[in-house]
Amino acid sequence: MKIVYPIIISKTSDQTVPYFVSIPDIEGMTQGKDIDDAIQMSRDYIGLNIIDKQDNNLDVPNSNYTLPSAENSDVVTLVDVDIDEYRRKNDFKTIKKTLTIPNYLNKLGKENNINFSELLTTALKKELHV
């Protein structure tokens, strides 16, 4: 699922964080050290916000893609986020899985200090090309 929201990037007088970002459609705010960072931080904020809403069965706000009005030095643009890709890269919540393996492999694995969860995760990533 790909979503697009308008953002407003405003220059601030703060030298440590010179750009403030407003994301009106989700009532969000973030900041950045330059324009590129501000856009990346916006993508991150939007991704986290949408994943949180999905995980809590809340409605994901739609955007009408209307660019809001801006002050004279503001930058107004659209930011897209591929939510499925964002989730794959940032959802590190672990779940417990029960599986069955032969007893001899279990014994050998324990004798060799094999972390079964890590091994299965690595194998799944390889198999799924992630």
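Mentor: Before the sheet, one definition: two strands count as paired if DSSP finds at least two bridges between them. Keep in mind that this is a predicted model.

Trainee: Fine. What order do the strands of the open sheet have?

Mentor: The four strands run β3-β2-β1-β4, and the pairing is antiparallel.

Trainee: Which strands stand at the edges?

Mentor: β3 and β4, the latter covering 75-82. Each has a single partner strand, so one side of each is left without a neighbour in the sheet.

Trainee: And what does the twist average from one strand to the next?

Mentor: It averages 30 degrees.

Trainee: How many bridges join β1 to β2?

Mentor: Four, with β1 spanning residues 2-11 and the two strands antiparallel. For a position to look at, Ile8 stands opposite Ser22 in β2.

Trainee: Which strands does helix α2 lie across?

Mentor: Helix α2, residues 83-90, lies across β1 and β4. Its angle to β4 is about 70 degrees.

Trainee: Where is Glu27, then?

Mentor: In the loop between β2 (19-23) and β3 (28-32).

Trainee: Is Glu27 buried or exposed?

Mentor: Exposed, with a relative accessible area of 72%; the cut-off for exposed is over 50%.

Trainee: What about phi of Asn113?

Mentor: Asn113 has a positive phi of about 50 degrees, and it is not a glycine either. Asn113 sits in the loop between α3 (103-111) and α4 (116-128). Its relative accessible area is 72%, which makes Asn113 exposed.

Terms used: Residues are numbered from 1 along each chain as its sequence is written. This is a predicted model: local features need pLDDT of at least 70, side-chain atom pairs count only at pLDDT 80 or more; totals for chains, interfaces and linings use all residues. Side-chain values use heavy atoms; hydrogens and water are left out. Buried means under 20% relative accessible area, exposed over 50%, partly exposed in between (1.4 Å probe, protein chains only). Axes are lines fitted to C-alpha atoms, for helices over the stretch in contact, and angles run from 0 to 180 degrees between N-to-C directions. Contact means heavy atoms within 4.5 Å.
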